[in-house]
Structure formats: structure tokens, C-alpha cells
Amino acid sequence: RVLPIFEYPGVTCGDALPRWRRSAPPILGFKNALLNPTSDMRFLTAEAKVSAGRLNGKMREKTLTMDTLNPQVKAVEYAVRGPIVIKAGEIEKYLEEGGTKPFSEVIKANIGDAHAMGQQPITFLRQVVALCTFPELMDSPSFPEDAKWRARRILQGCGGHSLGSYSASPGVECIRKDIAAYIEQRDEGVPSDWENIYLTTGASDGIMTILRLLVSGKDSSRTGVMIPIPQYPLYSAAISEMDAVQVNYYLDEDNCWALDINELYRAYQAAKLHCQPKVICIINPGNPTGQVQSKKCIEEVLHFAYEENLFVMSDEVYQDNVYTPDCQFHSFKKVLYEMGPEYFNSVELASFHSTSKGYTGECGFRGGYMEVINMDPEVKAQLVKLLSVRLCPPLAGQAAMDVIVNPPQPDEHSYKQFHQEKSSVLGALADKAKLTEQILNAVPGIKCNPVQGAMYAFPRIFIPPKAVEEAKALGMQPDMFYCLRLLEETGICVVPGSGFGQKDGTYHFRMTILPSIEKLKVLLGKVRDFHISFLKEYSALE
Amino acid sequence: SWSWDRTSWQTYATNLSAFPAAQSEHLQQKMSENGALPLRGKVLTLDTMNANVKKVDYAVRGPIVQRAVQIEKELKEGVKKPFEEVIKANIGDAHAMGQRPITFFRQVMALCTYPQLLDDNKFPEDAKNRARRILQSCGGNSIGAYTTSQGIDCVRHDVANYIQRRDGGIPSDPDNIYLTTGASDGIVTILKLLTTGEGRTRTGVMISIPQYPLYSASIAELGAVQINYYLNEEKCWSLDISELQRSLQAAREHCNPCVLCIINPGNPTGQVQSRQCIEDVIRFAAKENLFLMADEVYQDNVYAEGCAFHSFKKVLFEMGPEYSSKVELASFHSTSKCYMGECGFRGGYMEVMNMDPEVKAQLTKLVSVRLCPPAPGQALMDLVVNSPQPGEPSYQTFMKERTAVLSALAEKAKLTEEILNTVPGISCNPVQGAMYSFPRITLPERSINEAKAKGQAPDMFYCMKLLEETGICLVPGSGFGQREGTYHFRMTILPPTDKLKIMLNKLKEFHQKFTQQYS
């Protein structure tokens with residue numbers, strides 16, 4: 001049986017309730033544990049647990065319990081795969097096993113997982129990776145020469161010419177060189193040194209690694225990390241895990257989620273009283289907020305970082321996902337360069353990219369890279385050492401990254417098909433971005449900023465006071481309550497805004513725009529109907 | 001000079017980037033002289049960075065390997081050396097040493113990557129069936145989708161079935177299986193859960209000495225306390241319970257020991273634990289309330305007659321419910337070793353037993369932040385645990401390839417031991433399993449003094465000289481830990497037999513010359 005999520009002890013999101021921290025929710029997928037009577041022991045205090053154990057004839061208590069667990073791990077929260085997603089997985093299984101619900105399938109709009117939403121892989125990328133994987137295919141006439149040529153080149157960069165060997169810890173050398181060349185081209189000639197490029201296991205890995213280097217100090221000298229609110233919860237999770245201090249700066253929802261430099265100063269000054277802010281993280285294009293930063297705004301951020309001695313981390317994984325005609329992606333590095341040598345030679349900047357987003361959506365390969373400039377050479381050696389402990393990022397992901405930075409050129413055989421596939425994905429995304437904004441804005445009580453870029457809409461939703469009260473009585477964030485109802489009634493899985501952070505008293509959800517147009521229309525229609533009936537139920541709408 | 005401490009990394013760094021550093025310093029000085037701009041130091045320096053990261057050491061890719069890469073470049077640029085190529089015997093990287101991939105595995109991987117090949121009649125049906133099954137379990141039937149954080153459902157089921165078969169029917173629950181990014185990832189994750197407390201209550205982690213330096217590196221990074229227990233070199237690197245007891249007792253004075261890590265078959269030491277010894281270890285862990293971590297990535301690499309691999313889980317269950325229902329155990333496996341040697345795919349899994357269900361939920365949460373292990377690595381892991389069966393079209397080729405790799409390894413293990421033991425001043429235990437030999441070397445007093453004068457560990461000095469003179473890259477024993485006053489190195493037995501012979505003979509010559517030079 002699938003338990004309604006309200007029955008699960010300790011289900012909350014956000015930090016309203018300490019119960020979540022004290023007693024871990026079996027909602028994280030362990031039905032067995034839940035149904036097992038001995039798991040009732042979790043309601044007991046530590047002392048009671050010991051004696052209960054003895055009564056059952058157990059002499060040996062567990063070594064690893066909620067009381068002995070690393071407290072930083074306990075503090076970690078990651079909404080994108082949090083309780084609501086686990087609940088969605090359970091409903092899916094329930095449907096598979098023949099259970100009935102008012103819907104026939106769960107639509108997981110919680111995560112930017114393009115292929116899971118039906119997007120087809122880019123043929124050329126898969127051809128190259130397949131050739132690298134099984135080089136016997138080099139003799140096959142059904143693979144184009146330009147794909148074979150790239151595969152051969154990658155394999156020549158691998159030990160024993162095999163994708164199965166470890167690479168150097170910073171990545172395969174020729175791939176690092178291709179990335180540097182790509183960045184130089186993207187940034188219209190701003191130099192990129194391949195020795196500043198590090199391949200990573202998805203962008204998340206790079207972000208964690210840089211944060212790990214930066215976190216130090218105790219109490220008021222503890223490293224503070226400035227992150228946007230709303231943010232992608234990898235940041236807050238990593239900060240919790242490393243026990244750094246999270247410093248929130250709020251994006252301006254009324255101004256299309258723009259970053260206001262005064263707000264940065266406010267957040268920085270306030271944080272300086274209790275920690276040492278050392279890093280500023282920027283996500284551009286924004287996740288979950290979808291805004292694309294203007295060049296002027298980037299300049300202001302860089303000037304701020306320069307003035308206040310902050311290390312800049314720019315998460316640019318959505319750099320190819322810009323949809324609004326009046327917006328353009330500007331890389332932090334290029335803007336820094338254009339600000340002149342006193343900036344370009346001094347501001348420490350790490351920027352991140354990935355194979356998971358863009359037009360390829362190759363999440364499963366866990367490919368990515370970071371470029372690090374102006375890093376102290378001694379620290380760089382420490383970075384290389386740290387990376388070496390994990391040996392190397394997955395080779396197939398590195399190969400996929402190579403194809404992205406070194407795609408077919410106009411004079412190559414695969415160019416036409418590649419170009420056509422790429423534009424069709426990006427064109428459809430632009431259409432879906434517009435469609436989502438339009439449909440959502442037509443719903444009373446929903447307000448959605450334009451989705452200028454990335455892969456998500458983050459609309460603000462009005463939740464009637466009676467619903468807010470009911471949620472609170474259940475010990476739940478109001479938007480979590482809303483999203484759970486949406487899931488139970490329509491099968492649509494979106495992530496509550498509280499998982500990303502939002503201004504107090506405002507409520508949002510994040511949904512991807514990735515489903516196919518037809519499916520997206522159905523989905524948005526269902527969201528509209530649900531929202532209207534929800535408002536009616538809590539009598540905010542006659 | 002290259003030494004085994006922090007200075008070597010600094011030297012390395014300065015050599016690499018002395019120019020830009022000097023340049024920017026110069027620029028900064030100039031700017032502040034002009035008073036045009038405020039003096040802006042770096043945010044991130046050796047002084048401000050995470051102190052735990054600084055303490056991390058990882059010998060397998062340490063300074064000596066950096067130097068090897070440099071020498072390789074010099075050779076490419078035409079610099080004359082007394083050798084033509086660098087032989088990297090520092091790491092268990094089978095394919096880099098020329099081992100061929102298992103055809104069946106790569107066929108399935110290619111099919112998963114490029115499903116159009118499912119129409120190609122050159123691929124056998126059993127490969128196609130497996131690819132279809134894996135893809136059906138992936139979101140959108142694509143290996144490019146994120147998987148669940150714990151790993152693809154059907155892969156976890158296959159892993160559980162494999163374990164059950166391997167352990168003679170002892171049940172394995174797919175809910176206890178977590179796919180990982182290589183075994184290292186799983187090991188670090190479990191250690192992360194376990195590390196807590198301050199001062200005397202800080203988590204202590206018991207590791208063997210010599211150890212695989214992933215352990216010491218992770219312990220340093222997490223700020224846990226490393227507790228050494230020494231393997232008995234005189235008894236073929238076996239594990240003494242009395243030594244475990246001694247080291248635990250001593251550690252209780254200053255930390256809270258709660259984990260015991262075992263590597264079986266041993267890395268770097270190559271011993272294979274007897275069933276009796278495993279039982280004793282489990283009894284010890286049960287008595288002392290220790291969480292057991294069993295690193296079993298070399299489980300298919302057992303060469304010596306009379307030795308067999310016994311999984312910790314199997315022994316645990318055979319000891320009866322008073323143990324099997326209580327002792328917390330995590331065991332690790334990987335696609336990187338054994339007969340497949342697919343290191344680059346970063347595939348692996350761990351099985352956790354008797355973990356508190358609430359903690360397990362925390363584990364699932366923690367792994368979800370990284371989204372998922374690489375899907376191709378998961379697919380490959382699936383093939384390792386679900387390889388061709390008798391009656392399937394690929395069975396014969398698969399078995400032929402597998403047997404060829406394993407018997408060549410057995411032969412090389414023997415060869416290495418034999419040749420090394422003919423060298424005066426080198427003594428080598430039998431390589432019963434895994435992929436390394438860890439011989440003890442006698443170093444002349446004068447070379448020890450010279451090394452110390454340079455601030456180097458004596459075996460680092462030895463290995464550096466070996467590298468410079470012969471192009472052979474080994475890892476000094478000091479990177480793994482060893483008894484005071486003893487010296488070793490680790491070398492893989494992976495090079496092809498003819499190359500291995502050449503390498504061992506060069507090593508022999510070098511050692512004799514070295515001994516003469518410093519006597």
C-alpha cells in the first residue's frame with residue numbers, strides 16, 4: 001500500500017520543523033523499514049532505544065545511528081530529489097502494480113532530465129561515444145568519417161587507446177585543449193589556458209570541489225558562501241555538508257529575478273558580522289528562476305567581488321539555453337576580460353559547464369568541466385591533488401564533453417544533421433518557454449516571470465490563508481502541501497519553492513519546460529484546473 | 001627536490017606556474033604603488049584554504065607520478081634519457097598496460113550508447129537482449145537520462161542476484177545495493193556518514209598498514225582520526241587479531257574508534273585472507289561495536305593455490321544470526337579491477353547490511369545531491385554481474401577472454417615474486433591476489449642519510465632515482481605506510497609478460513647498482 005505522505009512522521013520541507021532533523025523520514029523510500037515494527041524504535045529516545053534493545057536480547061547496539069551520524073550529513077537537504085520525488089516514485093510503482101489513481105501516469109517535471117522527457121540524443125554525439133566504446137565500429141560504413149576521426153583522436157589521448165583506462169585526474173589532455181579552444185572561440189578571442197581546465201563528474205562535482213577548497217575557519221572566521229535565493233539546492237546542500245555558512249542574497253522577482261547589486265551589499269555586510277564571506281555563487285542563466293543576466297549586471301557583480309575580495313563561482317551550465325530574443329549569454333570570464341587587466345589578472349573565478357543541459361541533455365554521462373582562473377598556483381596544486389584521490393571523471397562523460405566543445409563544422413559531413421537536431425531542440429525549448437509563461441499567467445493566482453533561459457519556470461502561486469493554516473497544522477510548508485496535493489490529484493510532480501528558498505510569505509514551485517509540447521500543454525492545463533479548484537476549495541475564489 | 005610532504009606539492013606548483021604568479025604579483029605591486037587600486041590579495045591561498053585538504057596525501061598519483069608525466073613530455077620533445085619510454089607501474093590501470101577490453105561488455109555498451117545498432121546483425125543476440133533490458137530501465141530508454149540516485153533498478157536487482165549466487169544462496173536485498181562512481185566514491189560516502197564528534201569523541205577509523213591511500217586521504221579530508229593496525233609481513237601480510245586489539249586499545253585513549261576497514265584481497269600487499277581470519281575479524285568487530293567496511297574490489301583476482309576469496313558477507317551469515325543480524329557491514333566492488341579492468345567507466349556498487357533504516361534514508365538523501373553515478377558505469381557493472389551464460393552465443397568468447405586475462409595475471413604474479421626474490425636485498429611475499437607486488441627493499445645506510453638530508457623518505461629517494469635512470473614508475477612504500485625502518489615499493493603486475501620481464505630485470509640491475517653505489 002502507498003501511504004499518503006501526511007502519515008509519514010517528520011515530513012516537512014524547509015526548516016520550519018526540527019522534527020525533520022531529529023527523526024529521519026522513512027519517506028526516503030524504505031517502505032520495509034516503515035512497515036517493520038521494530039522501526040517504531042525511532043520514536044524513542046536514545047536511552048530508551050538501548051534498553052529496548054536489551055529487552056529483545058540484543059547486546060549490540062548499532063554503531064551508526066541517527067545519534068552518531070555525522071551531523072552535517074543530517075543537515076543536508078536536496079529538494080529536487082526530496083520527499084515529493086520519492087512519493088512520486090512510490091505512486092509510480094503503485095500504478096505499475098495495478099493500483100488506481102485519478103490519473104494514468106506520473107509526470108516528473110521536477111528535474112531537468114531531457115531524455116527522460118523524451119528528448120532524443122544528438123546522433124553525432126552518440127556515434128562518437130559508441131565508436132570510442134567499441135572501436136571495432138571504425139570499420140563500419142554506417143558511421144561517418146567525421147565521427148570516426150573524433151573518436152580516434154579521443155582514443156589516442158587515452159591510456160592503451162581505451163576508454164577503460166584511467167585518465168589523468170584533471171581529464172584527458174586533448175579534451176582539455178579542445179575545451180580551451182572552445183572557450184576562446186565562445187569568448188571571441190579571450191585567451192583560455194588548457195591547464196586551467198578540469199574535467200568533472202557533472203558540474204556538481206566541480207562546484208563541490210571548489211567549495212571544499214574554500215571552506216575553512218571557525219565561528220566568525222568560518223567561510224561564508226553567498227548564494228542567490230531562490231537557488232539550485234546543490235549549493236545549500238554542499239554548504240550544509242561542509243558546515244560552511246550560507247549567505248543569502250535575494251533575487252528581485254518583481255524585476256524578472258534580476259540581481260540587484262544593493263542587495264548583494266546588504267547581504268555581504270550583514271554576513272560579515274558572523275562569518276567571513278569569501279565566495280559568491282552566481283547561476284546564469286538562472287536555476288530555478290530562468291533569468292539571463294545582462295552584461296551590465298555581470299560587470300557590477302565582478303566589480304563587487306573585486307572590491308570585497310570574493311572568489312567568484314559562476315554556474316554557466318545553461319549557457320546554450322537562452323530563448324528570449326533580447327537576451328544573450330555573457331560569460332563571466334569574457335566580461336571580466338573586458339573590464340581590463342586589473343580585473344582580469346586578479347579576480348579568482350571558477351566557471352562550470354556540463355553535458356547535462358544545453359541541447360544535448362546527456363545527464364547520465366556525468367560529463368562536465370570547470371575553468372579556473374587566477375587561482376594561486378600552490379592552491380592549484382592542492383586542487384590537482386584533491387582530484388587525484390578520486391582518480392578521474394568518467395571517460396565516457398569526458399568524450400561526450402569533447403563532442404559538445406568540438407561539434408561538426410560546416411564543411412563536415414555530419415554538420416547538416418547535427419545542426420538540424422540542435423536547432424530543433426533549442427527551437428522547441430524556446431516555444432515551450434513562451435507557452436509555459438503564457439498559460440500560467442492566464443491562471444488567477446499564478447504569476448510567472450518570462451523564462452528567458454535555462455529549463456524551468458518558477459511561478460509564484462497564491463495559497464489561500466486557509467490552506468496555509470491547514471499545511472501548518474500538518475507541520476508542512478504551504479507550497480509543499482500544495483505540490484503534494486497536485487501530485488496526488490494529477491500525477492504531476494513539481495518541486496515546492498521552499499526547496500529553493502524564497503522570500504518569506506511567498507510561495508512558488510519549479511517545473512521543467514522539458515516535456516514535449518503536447519504533453520506540456522496537457523500538464524499546464526491540469527495545473528490550471530488544479531489551481532482553480534484548490535482556490536475554490538479554500539474559498540479564495542467564488 | 002621531491003619529497004613526500006607538503007613541500008613537494010608546493011615545489012610542483014611553483015615549477016608549473018612560477019611565471020604567471022610572478023607576473024601578477026608584479027602587476028599588483030605596480031598597481032598599489034600607483035595608488036590607483038586597492039591592494040587585492042588572493043582570496044584562496046595555502047593559508048586560507050581548507051586545512052584538511054592540505055593534509056590529504058595520495059601517493060598513487062603523487063609527486064613521483066607527476067615527475068613521470070614530466071619525463072614523458074621531455075621524451076616526446078626529444079630530450080635524451082637512458083630509456084625510451086616510461087613504464088607506469090604505479091597504478092592498477094589494466095587497459096593502459098595493453099589489456100584488451102572484454103568484447104561482450106563493449107558490445108553491450110555500444111548498443112546502449114547508440115541504440116540504432118540494435119538493427120545491426122553483427123551484434124550477437126545476447127548482447128542486444130542485455131542492452132534492451134538496461135535501456136528499458138532508463139528514463140526515456142536513454143543512457144543519457146539521470147538514473148535514481150541509488151542506481152538503476154534492474155542493475156541493483158542483478159547485483160543482488162549476483163551476490164546471492166556468489167555467496168551460495170545467502171539472500172541479498174536490492175534495497176541494500178547502491179551503485180557508485182567507482183568503489184572510491186562508496187568508501188568516501190560511508191566514511192562521511194560515520195565521521196562525527198570532537199576531540200576525544202572524534203570518529204576513529206582503523207585501517208591496515210600498509211593501506212591503499214584512498215583511506216588515509218579520505219580520513220584526512222574528513223578530519224577523522226586514522227588508527228593504524230599493522231599487517232604481519234613475516235606471515236605473508238596476514239592480519240593478527242592481537243594487533244587489532246592493541247591498536248584499538250591505544251586509540252581509545254584519544255578518539256572514538258567506530259570503523260574497521262579491511263582490504264581483501266589486499267592492496268598493496270596482495271594477501272588473500274583465510275576464512276578463519278575473516279571470522280575472527282567479524283567476531284572482533286561485533287565485540288568492539290565496530291562498523292565493518294570490506295573493500296572487496298579484487299574478489300576475482302586470486303592466484304595462489306590454496307587461496308580462495310571469501311566474502312565478508314558470506315562468512316558473516318555463516319556465523320549465525322547473532323552476528324548476521326547485528327554487525328553493520330558495507331562491502332564494495334568495482335568495474336575497474338578483476339578481469340575487466342574498466343577503470344575509465346567509474347562503475348561500482350556497495351552493499352550495506354544491518355544499517356539503521358533511518359541512517360539508510362540519510363544515505364539515500366546524501367547520494368541524491370550528486371544526482372546519480374554515471375549511467376554507462378552502471379550498465380557496465382550490470383554486465384559484470386550478469387555475464388554471458390552457457391548456451392548464450394557470446395559465452396565461449398567471453399570465457400576465453402576472461403580466462404586468458406586471469407591466467408596471465410596468475411602467471412605474472414608468480415613470475416614477479418620469483419624474479420624479485422632472486423635479487424639480494426629484495427624480498428617479496430607471494431602475490432596471492434589483487435594486482436600488486438609490495439616487496440621489501442634493503443637500503444644502504446648512506447642512501448638513507450642522503451635521502452634524509454634532502455628531506456625525502458628513503459624509499460621515495462630510491463623510487464625517484466629508479467624513475468630517472470630506468471623510466472620505471474613505482475610508488476614508494478611510505479605512500480602506503482610501513483613499519484618504521486622498513487622500506488618497500490608497490491608495482492603492478494599488469495604489464496604484458498615480456499614487458500614485465502624486461503621491467504623486472506631492469507629493476508634488478510638498478511637495485512644492484514644502487515646498493516653498490518651507496519655501500
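Of the 519 residues of chain B, 64% count as buried, where buried means under 20% relative accessible area with a 1.4 Å probe, protein chains only. Keep in mind that this is a predicted model, in which local features need pLDDT of at least 70, side-chain atom pairs count only at pLDDT 80 or more, and totals for chains, interfaces and linings use all residues. Residues are numbered from 1 along each chain as its sequence is written, chains are lettered from A in the order in which they are written, and side-chain values use heavy atoms, without hydrogens and water.

Now for the overall form. Because a compact globule of 519 residues would have a radius of gyration near 24 Å, the 24 Å of chain B agrees with that expectation; the radius is taken over C-alpha atoms, and the rule is 2.2 Å times the number of residues to the power 0.38.

Here are some values for chain B.

| Property of chain B | Value |
|---|---|
| Box filled by C-alpha atoms, along the principal axes | roughly 65 × 65 × 60 Å |
| Accessible surface (Shrake-Rupley method, 1.4 Å probe) | about 18600 Å² |

Next comes the partner chain. In chain B, 115 residues are in contact with 112 residues of chain A, contact meaning heavy atoms within 4.5 Å. Chain B and chain A bury about 9600 Å² between them, 60% of it on carbon and sulfur atoms; this is the accessible area (1.4 Å probe) that two parts lose on being put together, summed over both. On the chain B side, B:Arg40, B:Leu44 and B:Tyr146 lose the most area to chain A, together 9% of what that side buries.

Methods. Buried < 20%, exposed > 50% of the residue type's maximum accessible area, 1.4 Å probe, protein only.
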